Amino acid sequence: MIQKSALRKPSCSVIILAIFLLCLDRGDPWPCTHQLLIISSISFNSSMVSQGTILSYKYKDPLLIPHPCETFYFGGQTPPALYLGEKVFLSQDNFQSSLLPLAIPALLESPPAEVTSALFVQNNRVLFVINEKVYLYFYSTWKTWKVSTGIDSPITDITNMDCCYSLNDINCYDTSNFIIAYSTGNPAQSTDVFTSKDGGYRFLKTSPASYENALIGVYNFISLAQLGVVLNKTDGDGEAYFTYTDINLDHRDQGAKFDLKLYVAESVFGIIPPGLRGFILLWTKDSFVFSFNHGLNVDLITVHPTDTYVNVTLPLRDKGLCNVAANKNEIAALTRSHKLFYGTLDMESTVMVHIADKTTAKPTDPCEAMMFENIGELVFVSPIPSTDSELYHFQKCIINIQDTLMTLRPPLEPCPVEILSGDFHNKIYYIDMKQELHFNVTFVPKPGSGTYPYVTVSNPHALAFQADIDQDGFTFDGNTKYRLHIRLLQQAFSGMSHSEFQDTLYSSRISTVTVDIYNKAIFCIDMHPLTALIVVGCSPKKRIKISESTTACNRGLFQDIVLQNNFVYSIDREVYDPQFRARKKLVQPNLNITYRYDLWRCPILLYYDSPWLPILELWDNDEFIEYVSADFVLYEIHGMHNYKYLLDEVEAECRVKAQNWIDLIEEDPGREPSDMWNRLIYENCKIAKEKGTPPSASRPYEVLNMNENNRILFPQYNGIYVFKAIVVDTQYSYCDLTTVFSVYVHGALPKSQINVGKTLISFLVLIFGSILMVYYFPKLMKENARMKTVWA
């Protein structure tokens with residue numbers, strides 16, 4: 001039965017003619033559930049032509065590259081896809097319309113323009129390797145091309161690790177924007193590797209690694225915070241292995257060796273399924289291997305025998321693999337002998353099953369390009385040139401995998417689980433230092449299956465977990481329902497691993513947590529694993545602010561409107577140092593400051609004669625979390641230094657000399673104070689060191705904490721101070737927590753202009769003179785009276 005229909009696309013007025021061929025069990029080349037020929041009405045007598053040099057794929061077999069992220073990442077829109085073949089096409093509707101071949105401006109490349117590698121970056125551009133150079137193509141906006149900078153040697157391959165959990169999250173953004181460019185086949189020690197952190201605009205060269213073996217690929221294993229470099233021996237014995245390095249390709253660790261047969265002039269293809277779970281697939285025509293832990297262990301993929309394919313290994317050599325497709329949870333493999341195999345991805349998924357043969361194909365025919373369009377829906381796509389224009393139409397064969405699996409004999413084992421659900425799936429979460437996350441999973445196994453869920457994390461060096469399962473009632477059908485409770489915590493504070501196994505505390509790490517079914521059958525197509533991305537690090541919206549009790553505006557000393565209207569105050573020349581070194585008697589004018597009400601708000605009101613401790617509040621988004629009970633420091637941002645600290649190093653019970661602002665600034669006078677002292681360089685003086693300088697009572701202790709006794713002491717000075725507070729505690733948060741606020745110190749009487757020393761001396765002289773007069777005046781009076789008597 002043939003059906004013709006006219007469908008109007010919701011986003012434009014293009015009419016698509018689609019022929020649906022229901023061809024199950026009809027002897028057709030593939031067991032297509034639907035077969036469609038996509039023809040846009042605009043293609044009839046169209047004058048549209050490709051401008052520039054038309055692109056072509058360098059290799060014989062065509063390849064489909066769908067954007068790895070799902071529909072929700074694009075706000076409900078269809079993700080784009082690339083077809084690489086004799087012509088290159090970019091579709092933004094799953095090849096549901098006719099397209100022109102993709103072309104690069106002739107000013108950038110002249111024919112032939114051969115593509116060897118391509119990938120999507122974010123949701124707006126594609127990176128291509130064309131004639132051994134890297135280009136960016138902005139498909140969603142300007143339809144323009146740009147050449148990448150920083151690459152000065154030939155390139156054959158580019159890789160990245162897409163983060164599809166969130167488009168706006170900064171960690172996902174940085175992960176997707178990290179691109180690696182390199183060439184393959186040569187010894188690693190003579191191969192330049194280039195990396196880009198801005199999504200391919202600019203690359204930086206890394207030093208060649210000191211490996212004699214041939215370079216096969218370089219992958220950004222973000223969960224390990226390392227690059228994975230896969231190498232093989234150059235003598236052709238097929239022994240390969242992963243080595244793990246930092247961005248400079250310095251050797252660190254090595255994975256287990258595995259067989260990867262590679263013939264002369266043959267390429268190794270690598271696929272990293274989306275989800276950041278640590279999965280990677282590598283294949284040649286004689287090898288198909290899979291790793292669930294970033295290549296640390298690599299297993300050969302085998303075949304589950306059926307009546308139509310009795311072997312346990314894939315076809316080899318001239319009948320071997322020619323194309324592989326993968327999505328988040330599924331894989332499909334096509335051989336040169338036109339056999340199609342299918343499998344699912346999990347920790348135990350190294351087994352595939354034969355599902356179809358192409359009956360009309362010749363051994364010399366090229367492979368077809370395929371991809372997963374939806375869960376359990378595999379699509380073959382073939383471009384067909386139009387007879388009326390330069391546009392190409394697309395033949396699509398859609399295979400419903402689950403329907404096809406049901407026809408296999410002997411029957412496959414049924415899926416052993418009815419329900420596996422959790423509201424954390426496909427979301428991103430943050431764990432800061434010493435924090436925890438708690439997830440719940442609802443799990444209903446089929447009666448008598450004896451199956452159970454298991455939990456894995458992709459980076460156990462950063463993320464630890466504890467899990468327990470409890471019975472949680474029954475379903476409407478009377479089946480037992482279970483609740484799996486998962487407690488996630490930072491590995492460094494879990495108490496479950498030795499120190500060498502833990503990642504550093506100073507930088508954040510990424511890991512995924514996955515709940516899947518152990519020994520899950522291939523039939524479990526719709527029962528996908530539950531996965532969440534966990535960032536062991538700083539939440540982007542976490543911040544601190546000063547706790548405001550009484551402000552100068554509340555007490556009527558200032559008015560908000562006055563502070564907002566370019567209010568200017570003056571700092572006396574004797575109480576500030578522009579270099580923040582607390583120097584005194586500088587020859588300089590008074591400093592006039594325009595008050596920034598938008599940043600500092602109304603100043604906190606302080607009495608000059610009261611020791612003061614600022615109280616900091618921790619907020620995440622608009623939610624108050626706690627009062628900050630961690631070590632922090634502060635400085636006056638204009639260089640004011642006429643305040644002191646209550647405690648010295650001895651009174652603060654330091655065991656070694658404490659850090660202070662002046663020492664840190666004098667080490668590097670050109671840096672800003674906000675860069676001088678932070679959680680990465682903080683040294684707690686209360687922790688003893690073997691060769692540390694002893695504490696001194698002559699040095700102030702400049703670290704504050706709400707649980708300790710140190711305070712700020714202000715002098716007899718009325719004025720505004722603007723402080724910046726910096727949390728420096730190394731084990732409080734991954735966030736660089738800072739805040740700026742102002743205080744107004746009042747209550748100090750003006751200093752007297754009388755010289756106290758001279759006044760005291762004059763006062764003593766006056767008193768002494770008065771005493772002498774009191775003592776001698778009576779005697780003088782008596783003597784005067786006696787003399788008068790004598791003369792009389």
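Tutor: The model is predicted, so local features need pLDDT of at least 70 and side-chain atom pairs pLDDT 80 or more, while totals for chains, interfaces and linings use all residues. Residues are numbered from 1 along each chain as its sequence is written, and side-chain values use heavy atoms, without hydrogens and water.

The partner of K396 is E373, at 2.9 Å from N to O. This pair joins distant parts of the chain, with E373 in strand β31 (residues 369-374) and K396 in strand β33 (residues 392-400), 23 residues apart. Strands are DSSP runs of E, at least two residues, and helices runs of H or I, at least four, numbered from the N terminus. E373 is also buried, at 18% relative accessible area.

Across the whole structure, a search finds 21 salt bridges (a Lys or Arg side-chain nitrogen within 4 Å of an Asp or Glu carboxyl oxygen). Another of them joins K205 to D192, at 3.8 Å from N to O. K205 lies in strand β16 (residues 204-206), and D192 in the loop between β14 (179-182) and β15 (193-196), 13 residues away. D192 is buried at 19% relative accessible area, whereas K205 is partly exposed at 43%. Together with D152, these two residues are linked in a network of salt bridges.

E708 and K686 also pair, at 2.9 Å from N to O. Both E708 and K686 lie in the loop between α6 (673-676) and β50 (712-713), so the contact ties together parts 22 residues apart in sequence. E708 is partly exposed at 24% relative accessibility, as is K686 at 27%.

Notes. Buried < 20%, exposed > 50% of the residue type's maximum accessible area, 1.4 Å probe, protein only.
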